Amino acid sequence: MTNAFDAGDAFGLMCQVDVGDGADPAIFVAPIAEPAFDRRLPIAREIADTRRRRAQTHTDNLA
């Protein structure tokens, strides 16, 4: 996995995966449903922060 980003309400959290070495890797983008990352990594913290913000936004919209 080379990147994680928030694709908004329509798609939620997404990740980019580069497969292969060299100058021409295959690049895939897929939703992150249940990531299992080392919590010490910066990307894991970013994902957790984004999830908290999204959960709070959805809770606020229900009220």
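Which residue in β2 does A4 stand opposite? In this predicted model, A4 stands opposite C15 of β2, and the legends below start from the sheet to which that pair belongs.

**View 1. The open sheet is built from three strands in the order β1-β2-β3.** The pairing throughout this sheet is antiparallel. Strands β1 and β3 stand at the edges, where each has a single partner strand, so one side of each is left without a neighbour in the sheet. When direction is ignored, neighbouring strands of the sheet are turned by 25° against each other on average.

**View 2. Strand β1 is joined to strand β2 in an antiparallel arrangement.** Four bridges link β1, which covers residues 3–6, to β2, which covers residues 13–19. Along this pairing A4 stands opposite C15, while D6 has L13 of β2 as its bridge partner. The hairpin of β1 and β2 has six residues between the strands, and in this hairpin G8 takes a positive phi near 85°.

**View 3. Strand β2 also pairs with strand β3, again in the antiparallel sense.** Six bridges connect β2 with β3, the strand that spans residues 26–31, and one of the residues to look for here is D18, whose bridge partner in β3 is I27. The hairpin of β2 and β3 has six residues between the strands, and G20 takes a positive phi near 105° in this hairpin.

**View 4. A30 lies in strand β3.** Is A30 buried, exposed or partly exposed? With a relative accessible area of 30%, A30 is partly exposed, because the partly exposed class lies between the buried limit of under 20% and the exposed limit of over 50%. Once residues up to four places away in sequence are set aside, A30 touches M14 and C15. The C-alpha atoms of A30 and V17, two residues that are 13 residues apart along the chain, are separated by 8.1 Å.

**View 5. The largest nonpolar core is made up of five residues.** Its members are A4, L13, C15, I32 and I47. In soluble globular proteins, nonpolar side chains tend to be buried together. L13, the bridge partner of D6, is in contact with F5, D6, P31, I32, I47, T50 and R51, when neighbours within four places in sequence are left aside.

Notes
Residues numbered from 1 in each chain as written. Predicted model: local features only at pLDDT ≥ 70, side-chain atom pairs only at ≥ 80, totals over all residues. Heavy atoms only, no water. Pairing = 2+ DSSP bridges. Helix = DSSP H or I, 4+ residues; strand = E, 2+ residues; numbered from the N terminus. Buried < 20%, exposed > 50% of the residue type's maximum accessible area, 1.4 Å probe, protein only. Contact = heavy atoms within 4.5 Å. Core = buried A, V, L, I, M, F, W, Y, C linked by side-chain atoms within 4.5 Å. Axes fitted to C-alpha atoms, helices over the stretch in contact; angles between N-to-C directions.
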